[in-house]
Structures are given as C-alpha cells and as structure tokens.
Amino acid sequence: MAVKGEPLDFSGKVVAVTGAGRGIGRNIANLFEKHGATVARCDRKADMLNTDLALPYAGRLLIGDILDKYGRIDVLVNNARSNLRNAL
C-alpha cells in the first residue's frame, strides 16, 4: 500500500494494459514503466500481444499469451475500447 508522500514502486510487478497503443492507454503504460513495472502492452495494432478484444474469447487468449510470456499478471488495466457500432 502506498503511503502519502512516498513514491510508487512497481518494481517486480507485471502490469497488463489493454488499449496501450495510443492515448490514455499508452500514457498509463508509460507511467507504470516509469515506476518500475514490467508492462505487457496490449493493443490490436501492437507488434506483440495484438489481440482485438472485440472478438469472442479474445480476452481469454490474451490472458494466456501474457501468462506464457511473463508468468503472471499483478495489475490489469482494462482500457480497451471500440468505435464499432452495429446497425439497429
């Protein structure tokens, strides 16, 4: 638990950030890295961990990929979103 006035330390922690390719997701991932975390950057256009979470079961596949690569997930930031809309 962080104490007021003390710096955050995520050293040794694995943080998965969805939607980390740009905008808020990228900034969140950068901030965790700045505080020592190993960050699994997930985005549908990423070089690695490029899962389109709009697809069925994609979340399960992504978690499996992260666990295979990093061994665990200590923090999950669910920041993915989509602009896709279906006709009514």
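**View 1. Secondary structure of the whole chain, in a predicted model.** The secondary structure of the chain, shown here as a predicted model, comes to two helices and three strands. Read from the N terminus on, these elements follow one another in the order β-α-β-α-β. Of the 88 residues in the chain, 25% are buried. When contacts between residues at least 6 apart in sequence are considered, 54% of them join residues that are at least 24 apart.

View 2. Thr-18 is found in strand β1, which covers residues 14-18. Its relative accessibility is 5%, and because buried means under 20%, Thr-18 counts as buried. Two polar partners of the Thr-18 side chain can be picked out in this view: the side chain of Asn-78, with which there is a polar contact at 3.4 Å, and the backbone nitrogen of Asn-79, which lies 2.7 Å from a polar atom of the Thr-18 side chain. Once residues up to four places away in sequence are set aside, Thr-18 touches Cys-42, Leu-53, Leu-62, Val-77, Asn-78, Asn-79 and Ala-80.

**View 3. Asp-43, a buried residue with no salt bridge.** Asp-43 is placed in the loop between strand β2 (38-42) and helix α2 (58-70). Although Asp-43 is buried, it has no salt bridge, and the nearest side chain of opposite charge, that of Arg-44, is 5.8 Å away; a salt bridge would require a distance within 4 Å. The side chain of Asp-43 does, however, reach the backbone nitrogen of Gly-21, at 3.2 Å. Leaving aside neighbours within four places in sequence, the contacts of Asp-43 are with Gly-19, Ala-20 and Gly-21, and also with Leu-49, Asn-50 and Thr-51.

**View 4. The largest pocket and the residues that line it.** The largest pocket holds about 520 Å³ of space, and its lining is made up of 21 residues. Those lying nearest the centre of the pocket are Gly-19, Arg-22, Asp-43, Arg-44 and Arg-81. Helix α1, residues 23-34, provides the largest share of the pocket lining, namely three residues.

Key
Residues numbered from 1 in each chain as written. Predicted model: local features only at pLDDT ≥ 70, side-chain atom pairs only at ≥ 80, totals over all residues. Heavy atoms only, no water. Helix = DSSP H or I, 4+ residues; strand = E, 2+ residues; numbered from the N terminus. Buried < 20%, exposed > 50% of the residue type's maximum accessible area, 1.4 Å probe, protein only. Lys, Arg positive; Asp, Glu negative; His and termini not counted. Polar contact = N/O pair within 3.5 Å; in protein donor to acceptor, adjacent residues only side chain to side chain. Contact = heavy atoms within 4.5 Å. 1 Å grid on protein atoms, 1.4 Å probe; cavity = no way out; pocket = protein on both sides within 12 Å on 5 of 7 lines; lining within 4 Å. Points joined across faces, edges and corners; volume = space filled by probe spheres on them.
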